[in-house]
Amino acid sequence: MEKAKVTMRNWEPYVYDGEYNLSGTADVHPRLGRNVYVATTSTLVKASLEEDVLIYETRNTVYHCPLKYMMVSPYGNVVQEYREELARLDTSENALDRIIAAAAKMSLGEPEDTADEMVRKIRALQETGQQEIAQMEEQEKQRLLEIAGKYEDCVYIEVSSVHSGSKLAYHLGDAVGIVKPGVHIGMFQDSVLYMKYATEEDPCALDFRYFPKGFGDVMETYSWSDNIKQAVIKNQKGHSLIFNHEEIAPGETKVFTPDTHKQGLFSPDCCNGKSLFTMGEEDAEKED
């Protein structure tokens with residue numbers, strides 16, 4: 001069977017104890033969905049550099065990684081000593097090693113007039129690449145908002161990752177926008193949070209939260225603000241998922257109402273008036 005081909009953005013390669021890996025955002029992954037972050041690929045089979053594109057092949061997938069789309073600030077969580085060690089791979093005959101060395105040098109603040117040809121090549125390509133990425137992200141935002149605009153008082157999620165969450169588009173009254181997920185790591189149960197607070201400039205607020213359960217296939221909401229009348233969920237995964245006890249097949253879109261939601265927790269910062277810590281004027285006077 002022919003391997004899937006995936007284009008990566010904001011990617012970075014790395015190696016530890018001789019084991020290579022790759023992370024970044026995949027445009028369309030056959031199993032994970034659209035614009036999903038891949039934290040770590042499977043074992044490398046082979047890699048090559050062809051016309052300023054790193055071809056990174058694993059057992060099941062061929063990742064196309066244009067140098068212009070490489071992460072601008074790589075190895076942000078790697079200690080300096082190890083980055084210095086990676087930078088010494090610049091003498092390798094392996095193109096992947098030289099790219100890793102260039103990324104390490106960039107993270108260490110290699111000067112603009114560096115003698116490293118790979119660093120100079122990547123930097124020359126990245127300005128155009130970042131402009132293209134920004135344009136693609138804006139197009140993706142408008143696509144999501146257009147779909148959400150077809151439903152009244154809704155949130156719309158194309159689910160590609162249950163545990164880390166996928167972007168949420170909202171259409172509440174006349175307000176539209178995008179909310180990125182936050183993840184709360186709990187001792188017994190993690191949760192994915194979508195929260196937007198009202199401001200003077202933008203009075204629209206929302207609170208939408210769920211527990212990711214099982215092996216990443218189950219979403220169970222525990223907070224659903226009153227201004228959300230519909231949750232529109234599209235399954236972008238390669239297998240079925242469960243949202244509030246109802247199955248959604250791969251590629252299927254289903255609409256849910258608050259009737260399917262059971263309040264699991266009270267939140268002191270929710271925007272729907274259900275806070276446990278709301279105090280009236282009379283109570284405030286008694287406290288004095």
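Predicted model: local features only at pLDDT ≥ 70, side-chain atom pairs only at ≥ 80, totals over all residues.
For the lining classes used here, Ala, Val, Leu, Ile, Met, Phe, Trp, Tyr, Cys and Pro count as nonpolar, Asp, Glu, Lys and Arg as charged, and the others, Gly among them, as polar. Strand E1 and helix H1 (80–87) each supply at least two residues of the lining, with E1 giving the most, 4 residues.

The largest pocket holds about 890 Å³ of space. Of the 33 residues that line the largest pocket, Thr25, Asn35, Val36, Tyr37 and Lys167 are the closest to its centre. Two or more lining residues come from each of strand E1 (4–16), strand E2 (19–29), strand E3 (33–38) and helix H3 (117–148). Among the contributors, H3 gives the most, with 6 residues. In terms of class, 10 nonpolar, 12 polar and 11 charged residues make up the lining of the largest pocket.

Helix H3 also takes part in a helix–helix contact. Helix H2 (residues 95–107) packs with H3 at an angle of about 70°, and the two axes lie 9 Å apart. Because angles of 65 to 115 degrees count as roughly perpendicular, H2 is roughly perpendicular to H3. On the H2 side, the contact is made by Arg98, Ile99, Ala102, Lys105 and Met106, which meet Met118, Val119, Ile122, Arg123 and Gln126 of H3. Sorted by class, the residues of this contact are 6 nonpolar, 1 polar and 3 charged.

Leaving aside residues up to four places away in sequence, Val62 touches Lys3, Ala4, Lys5, Val6, Ile55, Tyr56 and Glu57. Val62 and Thr7 are 55 residues apart along the chain, while their C-alpha atoms are separated by 8.6 Å.

Key. Residues numbered from 1 in each chain as written. Heavy atoms only, no water. 1 Å grid on protein atoms, 1.4 Å probe; cavity = no way out; pocket = protein on both sides within 12 Å on 5 of 7 lines; lining within 4 Å. Points joined across faces, edges and corners; volume = space filled by probe spheres on them. Axes fitted to C-alpha atoms, helices over the stretch in contact; angles between N-to-C directions. Parallel < 35°, antiparallel > 145°, perpendicular 65-115°, else oblique. Contact = heavy atoms within 4.5 Å.
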